[in-house]
Amino acid sequence: MTAKRIIPCLDVKWGRVVKGVKFLDLKDKGDPVELASRYEEEGADEIVFLDITASVEGRKTLFNVVRDTANVLSIPLTVGGGLRTLEDISQAFSAGADKVSINTAAVEDKSLIARASKEFGSQSIVVAVDAKRVGDKYVVFIRSGMYNTGLDVRYWVKTVEELGAGEILLTSIDRDGTRLGYDIELTKLVTSLVKVPVIASGGAGKLEDFYEVLYFGGADAALAAGVFHDGVIRIYELKKYLRSRGIEVRL
Amino acid sequence: MKALVVNYSVGNIFSISSALKRVGFDVSVDDVNDLVGRDYDLIVFPGVGSFSTVARYVNSNTEILNELRGRGTYFLGICIGMHIMFEYGLEGGFNRGLGWFRGYVDLIRANVKLPHIGWDVVYVDYVDEVNEVIANQYVYFIHSYVAYTVDESYNTYSYYGIKFPALITKGNVVATQFHPEKSGKVGIKFLENLKRWLRR
């Protein structure tokens with residue numbers, strides 16, 4: 001069996017790692033290159049960089065950070081945030097990204113997913129889906145969680161899979177930064193619908209949360225940020241715990 | 001030792017170049033044009049792009065590649081770079097490969113999630129100089145296609161719904177389905193070991 005992956009996420013703004021709650025109230029958490037290499041040392045299976053500056057200047061800064069990080073890292077690096085065209089994506093790969101994550105641009109122009117996966121191979125195209133519960137269903141939000149697309153998550157994840165997404169990065173906006181645990185219901189909904197790997201994100205607070213989303217949620221990977229940046233959870237300890245509970249992890 | 005990372009102008013060749021540098025190779029990144037006369041110890045086909053795109057590139061350079069192989073230059077193919085060394089592939093339609101290994105490349109035919117992304121253990125039937133550092137270790141895979149070999153000559157493999165070759169060594173050609181440049185410490189050790197093996 002493929003080992004379940006633990007993925008620290010670095011939200012990068014103007015070249016620094018920041019973290020907020022429900023996508024707001026951002027605080028500085030340190031230097032991305034230092035954090036990324038520390039996490040690799042501690043046993044991270046991949047690293048995700050999300051540029052939340054989402055501007056042209058911000059992206060240049062991000063690509064420099066990606067280059068510096070890719071130089072020291074020997075585990076996969078996914079880069080996302082503000083990638084809107086094949087040219088943007090190509091630049092991210094040239095800077096050293098192994099995979100790219102697209103979100104807003106994928107909703108605004110579905111053909112980008114198909115074009116990108118054809119050009120670079122679907123295994124390197126991650127589609128990020130930011131979901132929020134509205135009434136009795138989950139709805140897709142874009143533009144850093146500010147804009148309600150009205151798209152049902154069930155419809156959208158099937159669509160991106162058909163278009164060639166190689167992986168889905170599923171974030172619960174309601175849980176982001178709250179440390180109340182992952183949204184298991186949302187994760188289960190998506191993992192039971194699609195055949196591509198799913199990375200669950202949003203809400204990690206304690207060791208059990210990871211176990212639950214990987215076991216009950218059926219996620220292939222669990223992503224977290226704040227609990228790692230603040231040292232609340234150490235990746236090595238987390239993986240030992242998961243193994244003790246029967247989850248296969250790389251130790 | 002000089003390594004050439006072949007640039008087929010698609011995807012990230014930064015990771016493999018930087019990993020090779022880290023273990024002490026003097027790395028150039030280029031296409032295969034003008035290869036004759038330049039002495040590379042190792043030519044690397046990186047694991048980026050699809051079979052059809054890489055085949056287009058490789059097939060226009062078959063003669064020189066075969067000549068170099070015949071002269072004893074070492075080759076390392078990673079993922080798609082391994083696939084291209086087989087007789088043909090079915091990713092993006094039928095395309096011929098180099099035919100250095102007997103067999104073909106097709107989707108992983110099993111009821112599993114695709115792409116196969118993540119860390120799996122490599123098993124070996126018997127330890128040799130190339131596979132010793134990855135035996136029973138986790139390495140990183142990211143692919144939907146695998147090689148279906150004709151002669152089953154490989155002794156280093158992994159499982160994902162089916163058994164598939166993780167590493168093939170044949171003369172001066174080494175090919176990996178996993179990505180050593182993304183496999184953490186184990187991957188770096190594999191490349192270090194490969195460098196020692198080239199030098200022997």
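Trainee: Where in chain B does Phe164(B) lie?

Mentor: In this predicted model, Phe164(B) belongs to strand 13 of chain B, residues 162–170.

Trainee: What makes Phe164(B) count as buried?

Mentor: The cut-off for a buried residue is 20 or more other C-beta atoms within 10 Å. Phe164(B) has 21 C-beta neighbours inside 10 Å, and therefore counts as buried. Leaving out residues up to four places away in sequence, Phe164(B) touches Val146(B), Ala147(B), Tyr157(B), Ser158(B) and Gln177(B). Arg71(B), by contrast, is 93 residues from Phe164(B) in sequence and 30 Å from it in space, C-alpha to C-alpha.

Trainee: How do you know whether Tyr8(B) is buried or exposed?

Mentor: The same cut-off of 20 applies. Tyr8(B) has 21 other C-beta atoms within 10 Å, so Tyr8(B) is buried. Its place is in the loop between strand 1 (2–6) and helix 1 of chain B.

Trainee: Which residues does Tyr8(B) contact, beyond its neighbours within four places in sequence?

Mentor: Tyr8(B) is in contact with Gly49(B), Thr53(B), Val54(B) and Tyr57(B). Tyr57(B) stands 49 residues from Tyr8(B) in sequence, and their C-alpha atoms are 6.6 Å apart.

Trainee: Which residues of helix 2 of chain B are buried?

Mentor: In that helix, residues 51–59, the buried residues are Phe51(B), Thr53(B), Val54(B), Ala55(B) and Val58(B). They pack against helix 3 (62–71), helix 4 (80–83), strand 5 (88–89), strand 6 (95–96) and strand 7 (103–107) of chain B.

Trainee: Why are Arg143(A) and Arg179(A) called partly exposed?

Mentor: Partly exposed residues fall between the limits of 12 or fewer for exposed and 20 or more for buried. Arg143(A) has 14 other C-beta atoms within 10 Å, so it is partly exposed. Arg179(A) has 17 C-beta neighbours inside 10 Å and therefore counts as partly exposed.

Trainee: What is the phi of Arg143(A), and what is that of Arg179(A)?

Mentor: Most residues other than glycine have a negative phi. Arg143(A), which is not a glycine, has a positive phi of about 55 degrees, and phi of Arg179(A) is near 60 degrees, also positive. Arg143(A) is in the loop between strand 8 (137–142) and strand 9 (147–152) of chain A. Arg179(A) is in the loop between strand 10 (167–172) and helix 7 (184–191) of chain A.

Trainee: Is the peptide bond from Leu114(B) to Pro115(B) cis or trans, and what shows this?

Mentor: Its omega is near 0 degrees, and the bond is cis. Pro115(B) is found in the loop between strand 7 and strand 8 (116–121) of chain B.

Trainee: Why are helix 8 and helix 10 of chain A called oblique to each other?

Mentor: The axes of helix 8 (residues 207–215) and helix 10 (residues 235–244) of chain A cross at roughly 50 degrees and come within 10 Å. Angles under 35 degrees count as roughly parallel, and those from 65 to 115 as roughly perpendicular. The two helices are therefore oblique. Their crossing is right-handed.

Trainee: Which residues meet in this contact?

Mentor: Leu207(A), Phe210(A) and Tyr211(A) of helix 8 meet Leu238(A), Tyr241(A) and Leu242(A) of helix 10. By class, the contact has six nonpolar, no polar and no charged residues.

Trainee: At what angle do helix 1 and helix 5 of chain B cross?

Mentor: Helix 1 (residues 14–22) and helix 5 (residues 184–199) of chain B cross at roughly 65 degrees, with axes that come within 9 Å. This crossing is right-handed. The contact is made by Ala19(B), Leu20(B) and Arg22(B) of helix 1 and Gly187(B), Ile188(B) and Leu191(B) of helix 5. These divide into four nonpolar, one polar and one charged.

Trainee: Which residues have the most contacts inside the largest nonpolar core?

Mentor: They are Val127(A), Val129(A), Ile168(A) and Ala222(A), in a core of 142 residues. Strand 7 of chain A, residues 125–134, gives the largest share of this core, six residues. Apart from residues up to four places away in sequence, Val127(A) touches Ile102(A), Ala106(A), Ile113(A), Val160(A), Ala165(A) and Ile168(A).

Conventions:
Residues numbered from 1 in each chain as written. Chains lettered and ligands numbered in written order. Predicted model: local features only at pLDDT ≥ 70, side-chain atom pairs only at ≥ 80, totals over all residues. Axes fitted to C-alpha atoms, helices over the stretch in contact; angles between N-to-C directions. Helix = DSSP H or I, 4+ residues; strand = E, 2+ residues; numbered from the N terminus. Parallel < 35°, antiparallel > 145°, perpendicular 65-115°, else oblique. Left-handed = near helix turned anticlockwise from the far one by under 90°. Contact = placed C-beta atoms within 7 Å. Nonpolar A, V, L, I, M, F, W, Y, C, P; charged D, E, K, R; others polar. Core = buried A, V, L, I, M, F, W, Y, C linked by C-beta atoms within 7 Å.
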